[in-house]
Amino acid sequence: MQFINDKADLVTEAIDGLIAGSGGALARLDGYPHIKIVIRADWDRSKVALVSGGGSGHEPAHAGFVGPGMLTAAVCGEVFASPSVEAVLAGILAVTGEAGCLLIVKNYTGDRLNFGLAAERARAQGKRVEMVVVDDDVALPDLPQARGVAGTLFVHKITGVMAERGDDLDTIAARARDLIPRIASIGKSLSTCTVPGSPREDRIPAGKAELGLGIHGEPGVEQIDFKGADDAVATMVSRLPDGKADRVVLINDLGATTPLELSVLTRAVHRAGLAAHVIGPARLMTSLDMHGVSLSVLDLKDDEADLLAAPTPLSAWPGLSAFADPTIKPLPDGLTPIAPIRSDNPRTKSIIRTVCDLLVDAEAELNALDAKSGDGDTGSTLATAARALKSDLDAMPLADLTQLFPALGNALSQTMGGSSGVILAIYFNAAGDACANGASVPDALRAGLDRVMEVGGARPGDRTMIDALAPALDALPRGLDKAAEAAREGADATARIGRAKAGRAAYVPEANLTGHADPGAEAVARVFEGLACA
């Protein structure tokens, strides 16, 4: 499923949405549905017009780059289909004054023919029109005519700044023709794309990546084993031509690559030493929802770095940055707690070991219980922390509870993932403070729980570990047996609570909760039961 209405209206509705969100900066020609052209609302024809376009599905290219310092107009076809000659001609005539017009065309047969014929017809009407064809794709070296892909955006930006500052058509066209041979691009993807109204073509099997596939989902040069982001980047870099030290790389998300992945890929590009400057990573010229990335390089000359870095109000353009090694600053003082003085207490050590062993033994069952209402990792989280705590016991201040409780909290905060480690760190640090102020062990443990409820917001009845821990601590002054009974009753009661009010289960439907105890409460009950039997 996709967030569309009628497939036939997809492109026109998308254009209307783009214009509606532009704050009045964009307009369109009145030619729907066959003529779909986005133009600058402030254009006065006094400068050279830049017109580009092609099939839709590559957003934000091309309409997203219409604005000061880039394109004057974008001629939009249907998804992956070249716009008609009439549409291109309408775009030329709408924006071209005495200064003339430059057509920037990607090297696909339909685009070349339709833009080329429209240029001829515009010239016949007395318009000054130049056309350049971008052929930056190096993935298929044996092709007689290489495809035009994301490297086209270098031409948009550099010539767009030149047009904005008032350069003449001959100068702009000459710069574009000088740029194009210095641009090279290659892409790699883990999936094809989903054309609206059609099923996805699953030609890329699991564990494989396709190198050099086109921005319309065309098959690439080969499918190769996927071995991670670094290897993917190394493969692409090896296919790009050698260049100058002063080079820029454009890192382009082909549609469905997450920002997290793109940052990992950018790290790999930087470490590969491919370029001195970077544009992106960003979605610039996509292929609908393709899970892939492309790299485009340009060997810089003259003032081209300044032209690429020139400001533009277009949010789709990420700007130019210089690659730099990560700056690493020292950690602030006071972050690491003062290490406690080691001391021994065999009884305390035995209790902690027993608790750790109980949690390790319950790992699988707690994971299975958590899978009913969460992501199935409660048992693993507790068991991992328990194993780490057992290995550190000999370094703990076991004979001094005022030091031991904070030491336990600090250790658990470092070994338990998610919010669990933080909660227990708060719990044990508060218990340690209470101990230092003369509270008994049961009262100190209760003080820790009060602090957790204050900070975390959960209360008994909210379907969390507190439903077992609170009654257990209330009963603890009467003995471990009573505490274990209270903990078990509290844990079992959570299976009858269909709506959680705190914790991760608060986002889970009632049907997933009813009949299953909260895994945190179950863990508490098992600890008290195990201690009572020890």
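Predicted model: local features only at pLDDT ≥ 70, side-chain atom pairs only at ≥ 80, totals over all residues.
Residues are numbered from 1 along each chain as its sequence is written, and side-chain values use heavy atoms, with hydrogens and water left out.

Let me begin with the overall form. The chain holds 18 helices and 13 strands; these are DSSP runs numbered from the N terminus, helices being H or I of at least four residues and strands E of at least two. The radius of gyration is 32 Å, whereas a compact globule of 534 residues would have one near 24 Å. That radius is taken over C-alpha atoms, and the globule rule is 2.2 Å times the number of residues to the power 0.38. Along the principal axes, the C-alpha trace spans about 100 × 50 × 45 Å.

The accessible surface comes to about 24,300 Å², and carbon and sulfur atoms own 54% of that surface. These areas come from the Shrake-Rupley method with a 1.4 Å probe, and for residues only the protein chains shown count as cover. As for charge, the mean positions of the 50 positive and 69 negative charges are 1 Å apart. Here Lys and Arg count as positive and Asp and Glu as negative, while His and the chain ends are not counted; each charge is placed at NZ of Lys, CZ of Arg, CG of Asp or CD of Glu.

I turn to contacts, meaning heavy atoms within 4.5 Å. Among contacts with a separation of 6 or more, 71% are between residues 24 or more positions apart.

Which residues have the most contacts inside the largest nonpolar core? They are F65, L102, F154, V155, I279, L298 and L308, in a core of 58 residues. Helix 4 gives the most to this core, with seven residues. Apart from it lies another core, of 49 residues, among them F405, C435, L469 and F528.

Consider L102 in detail. Leaving out residues up to four places away in sequence, L102 touches a list that includes V48, L50, M131, V132, L169 and A176. V132, in turn, lies in strand 6, residues 129-134, and is buried, with a relative accessible area of 2%. Beyond its neighbours within four places in sequence, V132 is in contact with L102, L103, I104, V105, A173, A176, R177 and I180. V132 and R177 are 45 residues apart along the chain, yet their C-alpha atoms are separated by 6.7 Å.

Helix 4 covers residues 152-165 and includes T152. Is T152 buried or exposed? T152 counts as buried because its relative accessible area is 0%. With residues up to four places away set aside, T152 touches I104, K106, V134, D136 and M285.

Two further helices deserve mention. A383 lies in helix 11, residues 378-392, and is buried at 0% relative accessibility. V422, in helix 13 (residues 420-436), is partly exposed at 47%. V422 and L412 are 10 residues apart in sequence and 7.9 Å apart in space, C-alpha to C-alpha.

Finally, the backbone. Where are the cis peptide bonds? One runs from Y32 to P33, with omega near 0°, and P33 sits in the loop between strand 1 (26-28) and strand 2 (37-40). Another joins G280 and P281, with omega about 5°; P281 belongs to strand 11, residues 277-283.

L288 has a phi of about 55° and lies in the loop between strand 11 and strand 12 (292-299); at 22% relative accessibility, L288 counts as partly exposed. D302 has phi near 50° and is placed in the loop between strand 12 and helix 8 (304-309). D302 is exposed, with a relative accessible area of 72%.

Note on methods:
Buried < 20%, exposed > 50% of the residue type's maximum accessible area, 1.4 Å probe, protein only. Core = buried A, V, L, I, M, F, W, Y, C linked by side-chain atoms within 4.5 Å.
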